[in-house]
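User: Could you take a close look at the aromatic rings here and walk me through how they pair up and what lies around them? I'd like the cut-offs along the way, please.

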Amino acid sequence: MPVNVDPLTDNELNQVRQYEDFTTIDWIEDSIIERNRRLRLAKHLQTSTRGPNGEITLRWLWSQIRKILSASQAWFVVSLVGAGIGVNAAIISIVTEWLSDMKMGYCSDGWWLNQQFCCWEVEGNEDSPCDSWHNWSNVAPARWLIYVLFASAFSFVAAHLVKSLAKYAAGSGISEIKCILAGFVMRGFLGFWTFLIKSLTLPLVIASGLSVGKEGPSVHLACTIGSLVAGLFSSFSRSQGKMRDILTAASAAGVAVAFGSPIGGVLFSIEEMSPSFSIKTMWRSFLCALVATVTLSAMNPFRTGKLVLFQVTYDRDWHFFEIMFFVILGIFGGLYGAFVIKFNMQVQAIRRKHLANHGVAEAVILATITAMIGYFNRFLRIDMTESLEILFRECDNGGDYESLCQTSVQWRMANSLFLSTIIRTGLVIVSYGCKVPAGIFVPSMAIGASFGRMVGIMVKALYRGIMRLTVTVVVIMFELTGALTYILPTMIVLLVTKAVGDLLGVTGIADEAIRFNGYPFLEKDNHVYDVPVSSVMQRDLHTLRVSGMTLRDVAEARLASTNVNGFPIISDEQSRILMGYVGRTKLRYVVDRARRTQELSPDILCSFAPDPSIQEDPSWSAIGIDDDISMDILHATASPDTLKLWPWVNRTPVTVSSPIPLEIVMQLFKRMGPRVILVEDYGSLVGLVTVKDVLQLKPSDSFHSPGVSWNERGGLDGVLEEMWTYIADLQSSLTSWYHRVFRR
């Protein structure tokens, strides 16, 4: 009897997708399937034309409305996502400030008020801000003990919630989101429980005093909001390409609400997050970031009219003699980055080896130690964002925090800032990566601010009366502070920092974390490998013959006994002519469903060849027909003795020849996004290559080949390598000339 298989329902499509966890998305297949949907929709709308006499029918009017709604849906979704991100960011900021102040005391006018709201427009000092604010004790040791106990309790609750309910809520999340945007599937990383637990635990972690920030987790939370909101619309939930655009826009909004910088958020998403960025995505990202910042500004969480607590403005200009000190700050930034990344990766290795099952205890111990040490330093005791606000101020604009601007105590303040820089650097190294929500942006800014303010005090002492403002503004983007006059110093310090980092061979900590975790992610930089693709391709392949295989062969000999992500279709074992490629996910589910719904004999033949009796629709493609119509085709082409599986076969997979350079294959992966590239010689299959295969090969050290120019190597290290090669060649030429002259 024929094999009857009904069309897939939405729930069954979700079951198909659950097989795909920790695999990669084939962006070519996704784009073709989306193209098919657009063609079918357009064909459906074309049938809804005017009536026989030319009158406008209700169906035609409804089709025009559907066109308008379809065109504006993406803009509506990104606006909705931006509003949700802004509300979430405002709530987190309010709760964080309240919990941070709770470690020091409480407000008698209302336990829900933090110190700022409790002492609104009331002058006071640290020990007695106002009459309504009461410290927990008047005895210094008791205040220290309560401070430490609150920090330990906050970290314990946060770590326990993360471990028990949402393990993906730990860490920054930026590394994983970069991989997700590149096509890596991580089910649950952008789920509801991750969003809820990270939103609840992030204020606890920041208030505990751990040397971590909320800006990285803010990007993760923004992307979870984007995924949850967009998932409510079918056009986004079933299209990975559309979902990627929403996640890219959400990441821009996450940075925007963290720093109060819509343009900075868009640039961050372009430079760091999305591997492919279009003009359309850029405008959607800008709209999402703008709506998020407007929402945050409307909620006004700090009651100051500012988007971030440390947003300031500067009235004074800089002097040219300060450029040398800007260079010093740039050198410090480069050395700091290299030092922190190197040792943090070593701490991560120790954490993975010895502390994998002790995440809660580790977080509590780190928070306790941080509180015990930090309480005795004025710049470590307060919240990092509050510390940034103080250190960024000019002395004439309320920046004299605890006599910070007084000449009589300038060296004592410089010493306190130096200790704060050293201690916080060590705490960042050991804290970033523990099993709680943790970012590294704000801690690094706080370290740069304390070091820069220390340099500013020293310069002020050397040039008394000339420089009266802090030079720490050069360690942050001018957009955060609104100090447009500091664009040139900012560029100088960033270029010096970049040069030092390139000289030391340093990449970003997010990229290092991707390598450490072994995620399949190709960097944007181009590397010279000087090898063909045949040197990395897989030769021992699990293939399927286009015909002649039974259901037992497919189900047991291939699906049950292998773990590969797909199977090339070949003509026969002798000629191995490539006929197509079928993904393991679809094949496994279709076979399981066919065996479950029908009593099929294990000896029934399976055919992967197209049926010439079926006239293909223009909305179909040779890459495989999407799941919502392929079951109908399977039913139409079924026969009593053959199970025809051709609708799921990609008949035009991406192929290359074995001699092609590996760099070209890498460009295909980056720009086109296939899951796998098949390698053939004269039509005969010889191997296949995936992103993981490419990542296993390190770039070649042979950069001295004549065909490689210094500008292709990238970075300052490439320039220095070129100079060193030139000097070595010059030395060799001079030596040879010397020997020739004197031998005569």
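Analyst: Happy to! Let's begin with burial: a residue is buried under 20% relative accessible area, exposed over 50% and partly exposed in between, using a 1.4 Å probe and the protein chains only. This is a predicted model, in which local features need pLDDT of at least 70 and side-chain atom pairs count only at pLDDT 80 or more, while totals for chains, interfaces and linings use all residues. Numbering runs from 1 along each chain as its sequence is written, and side-chain values use heavy atoms, without hydrogens or water.

For context, 51% of the protein's 744 residues are buried. Its secondary structure has 28 helices and 11 strands, taken as DSSP runs numbered from the N terminus (helices H or I, at least four residues; strands E, at least two).

Now the rings. Those of Phe, Tyr and Trp (its six-membered ring) pair if their centres lie within 6.5 Å; planes under 30 degrees apart are stacked, over 60 edge-to-face, and the rest tilted. That rule gives 17 aromatic pairs. In one of them, Trp 144 and Phe 376 have ring centres 6.3 Å apart and planes at 35°, so this pair is tilted. Trp 144 belongs to helix H5 (residues 140-165), whereas Phe 376 is in the loop between helix H14 (359-374) and helix H15 (378-381), so the pair ties together parts 232 residues apart in sequence. With a relative accessible area of 23%, Trp 144 is partly exposed; Phe 376, at 63%, is exposed.

Another pair, Phe 332 with Tyr 336, is stacked, at 6.2 Å centre to centre and 25° between the planes. Both Phe 332 and Tyr 336 are buried. They sit four residues apart in helix H13 (residues 323-354), which means about one helical turn separates them. An α-helix has 3.6 residues a turn, so residues three or four places apart point the same way.

Ring pairs also join Tyr 106, Trp 136, Phe 150 and Phe 154 into a cluster.

Charges come in too: one sits over a ring if NZ of Lys or CZ of Arg is within 6 Å of the ring centre and within 35 degrees of the ring normal. Arg 381 has its charged end over the ring of Tyr 375, 5.5 Å from the centre, and Lys 242 does likewise over Phe 236, at 5.9 Å.

Back at H14, the buried residues include Val 360, Leu 366 and Gly 374. Among the elements covering H14's buried residues are H5, H13 and H15, with contact meaning heavy atoms within 4.5 Å.
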